[in-house]
Amino acid sequence: METAHVLVAADKFKGSLTAVQVAERVTAGLRRVVPGVRVETLPVADGGDGTVAAAVAAGFERREARVTGPLGTEVTAAYAVRDTTAVVEMAEASGLQHLPAGEFAPLTATTYGSGELLAAALDAGARTIVFGVGGSATNDGGAGMLAALGARFLDGDGKPVGPGGGALAALAEADLSGLDPRLADVDLILASDVDNPLTGPKGAPEVYGRQKGATEDDIAVLDAALAHYASLLGPETAELPGAGAAGGIGYGALVALGARFRPGIEVMLDVLGFAPALARATLVVTGEGSLDEQTLHGKAPAGVAAAARTAGVETVAVCGRLALPPEALTGAGISRAYALTDLEPDPAVCMAQAGPLLERAAEAIARDFLS
């Protein structure tokens, strides 16, 4: 019988465990049942929050920069570098995690710090930048990011417009001539699990604005302001997949920085060295906090399972909660899913005890697939 070699390639359980902790807990559970099993861990992310941490776990060097947060105050943001490749996560600079509890600024939050973080990667010598976008607190179409990189956005009096998407309604002139010239020589990859356009019924304000505190009136203001902004920079680009990612920062990267959009999990699997790890595996364990309909649309477990199926390696999943029927799992290339809520039905207890519960789930995987 072939010696088992398990590859644990799971995303974080948001609010409970980082992707690294998920890998550690699964490994511990597997080895409790099969002590000698070979386990290789490769924490993954799909471009959203946790992307830098996954790169660091895969051997990238963690760097930090002081940048402008979404509310204009300074924050510390991390990025990752290996050779001439950098992984930059917009949420590190402009994410919801930088907002005080219960405080939102849908009209005024800025991506300026994300531009500063990209500049830090350029300063570090990056020639390829994987720009993971997701988890944003912002709706400014990337205008703040572009301003930090040298663009100028002026009102009718020739003065800079204010921060955030709401201020773009007053935009009269967009001058990109001062953009950092180093950007022309960089391969900038927009890595996202979001393929929405910038505006309209499937656009950034309508689909994602409410989770950033936007009211119905705010959404209407933002949608109109972003449409006006796009009319000056390039309306065609606003319709491209990924333009609506992270409050429209995808649009700014596509229209002004020469970025190319790729599904975040595909990019990250390349960057993290998933293919060689997969070649050594006889079983893959993937997962995330909630396996649901969204998982099937470009989230990390779906990307991992698809790659494993192509390579002929069986995949099982772990999750906090399971909201997919068996046929959907099978269609995604996942043989079976192990949900923590099957072990502990109380969601609050489940989140608080996610680590020990995940070890128990991994013990079940070992009994079912390795014994």
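Modeller: Let's start with Ser192, whose bridge partner in strand S10 is Pro263. This is a predicted model, in which local features need pLDDT of at least 70, side-chain atom pairs count only at pLDDT 80 or more, and totals for chains, interfaces and linings use all residues. Residues are numbered from 1 along each chain as its sequence is written, and side-chain values use heavy atoms, leaving out hydrogens and water. Helices (H or I, at least four residues) and strands (E, at least two) are DSSP runs, numbered from the N terminus.

Strand S9 (residues 187–192) and S10 run parallel, paired over 4 bridges; two strands pair if DSSP finds at least two bridges between them. They belong to an open sheet of 6 strands with mixed pairing, in the order S3-S4-S5-S6-S9-S10. Strand S3 (61–68) and S10 (260–263) stand at the edges with a single partner strand each, so one side of each has no neighbour in the sheet. From one strand to the next, the twist averages 30 degrees.

Helix H8 lies across strand S6 (128–132), S9 and S10, at about 155 degrees to S9. Such angles run from 0 to 180 degrees between N-to-C directions, with axes fitted to C-alpha atoms, for helices over the stretch in contact; contact means heavy atoms within 4.5 Å.

The structure holds 2 aromatic pairs (ring centres of Phe, Tyr or Trp, its six-membered ring, within 6.5 Å; planes under 30 degrees apart are stacked, over 60 edge-to-face, the rest tilted). Phe153 and Tyr229 make a tilted pair, 5.9 Å centre to centre with 55 degrees between the planes. Phe153 lies in strand S7 (residues 152–154) and Tyr229 in helix H7 (residues 216–233), so this pair ties together parts 76 residues apart in sequence. Tyr229 and Tyr251 make an edge-to-face pair, 5.7 Å centre to centre with 65 degrees between the planes. Tyr251 sits in H8 (residues 245–256) and Tyr229 in H7, so this pair links parts 22 residues apart in sequence. Phe153 and Tyr229 are both buried (under 20% relative accessible area; exposed is over 50%, partly exposed in between, with a 1.4 Å probe and protein chains only). Tyr251, at 0% relative accessibility, counts as buried.
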